[in-house]
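Subject: Structure handover

Hello,

Here is the structure I said I would pass on. Please open it next to this message and look up each residue as you read.

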Amino acid sequence: MKKIVALILAAQFALLAPYSYSQSAIHSGAHSVGHAHGSAPESGALTVTDAYIRTMPPGRTVTAGFLSITNSGNQACQILSAESPLSDRLEFHEHLHSDGMMRMRPVSGGLLIEAGDTLVFQPGGLHIMLFNIQQPLVTGENTPLLLNTDQCGSLQVNAEIRSLVAKPMGGMHH
Ligand SMILES: [Cu+2]
């Protein structure tokens, strides 16, 4: 019975699929003008907001980066890797709860962002791990972060270096 329901849902989704792009475009407020012929790769489909890298505690050489990636194109994009001049080894990690412990593990096989979706890297969840950092990270400076995808081009963004320690009185609004 479950299988039948799944098949029906799949069939409905297949029928709706040609229209899902315009629906998601309306949701995100994006316009699809000029992208209607798209079989070619759309390198402009991905936009990144709120990219930052945390400073490290003294003596550490590993830190984490966070950002949000929105796919406003009409095809799924897969994020395959990240590059930074700060680090020769970057990995995508996710956090998992197991036996009451918070663990993290590398995400294998790339990160898929469906058309219209936003992928959020955030503390306690998906994050970019940067290893072997050999230089001090200065709060407030920006550092480039390059994201490589399968068919949506490469995307370079500026990541702000933010203090690991939140300022208790620092003008943050909730
Ligand atoms: Cu990690």
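The notes below go through what was found, one topic at a time. Please keep in mind that this is a predicted model.

Metal site

Which residues coordinate the copper ion? The donors are His93 (ND1), Met104 (SD), His127 (NE2) and Met129 (SD), at 2.1 to 2.3 Å. The angles among these four donor atoms run from 98 to 125°. Four donors count as tetrahedral if all angles lie between 85 and 135 degrees, so the site of the copper ion is tetrahedral. Along the sequence the donor residues follow the spacing H-x10-M-x22-H-x1-M. Met104 sits in strand 5 (residues 101–106) and His127 in strand 8 (residues 127–131), so this pair ties together parts that are 23 residues apart in sequence.

Disulfide

The structure holds one disulfide. Cys77 and Cys152 form it, with their sulfur atoms 2.0 Å apart. The angle about the S-S bond is -90°, and the link is left-handed. It joins distant parts of the chain: Cys77 is in strand 3 (residues 77–83), while Cys152 is in the loop between strand 9 and strand 10 (154–162), 75 residues apart. Both Cys77 and Cys152 are buried.

Nonpolar core

In soluble globular proteins, nonpolar side chains tend to be buried together. The largest nonpolar core here has 31 residues. Which of them touch the most other members? They are Leu46, Leu67, Ile69, Ile79, Phe121, Ile128 and Leu147. At least two residues of this core come from each of strand 1 (46–54), strand 2 (63–71), strand 3, strand 4, strand 6 (111–113), strand 8, strand 9 and strand 10. Leaving aside its neighbours within four places in sequence, Phe121 is in contact with several residues, including Leu67, Ile69 and Ile128.

Salt bridges

There are four salt bridges in the structure, and some of them are described here. Arg162 and Asp50 meet through their side chains at 2.7 Å, N to O. Arg162 lies in strand 10 and Asp50 in strand 1, so the pair ties together parts that are 112 residues apart in sequence. Arg162 is partly exposed at 26% relative accessibility, and Asp50 is partly exposed at 46%. Glu160 also forms a salt bridge with Arg162, the closest N and O atoms being 3.6 Å apart. Shared partners join Asp50, Glu160 and Arg162 into one network. A further salt bridge is formed by Arg89 and Glu91, with 2.9 Å between the closest N and O atoms. Arg89 is partly exposed at 38%, and Glu91 is partly exposed at 21%.

Backbone

Most residues other than glycine have a negative phi. Asn132 has a positive phi near 60°. Asn132 belongs to the loop between strand 8 and strand 9 (142–149), and is partly exposed at 34%.

Regards

Methods. Residues numbered from 1 in each chain as written. Predicted model: local features only at pLDDT ≥ 70, side-chain atom pairs only at ≥ 80, totals over all residues. Heavy atoms only, no water. Donors = N, O, S within 2.8 Å, 3.2 Å for Na, K, Ca; no water. Tetrahedral: all angles 85-135°; square planar, octahedral: opposite > 155°, others 65-115°. Helix = DSSP H or I, 4+ residues; strand = E, 2+ residues; numbered from the N terminus. Buried < 20%, exposed > 50% of the residue type's maximum accessible area, 1.4 Å probe, protein only. Disulfide = S-S within 2.5 Å. Core = buried A, V, L, I, M, F, W, Y, C linked by side-chain atoms within 4.5 Å. Contact = heavy atoms within 4.5 Å.
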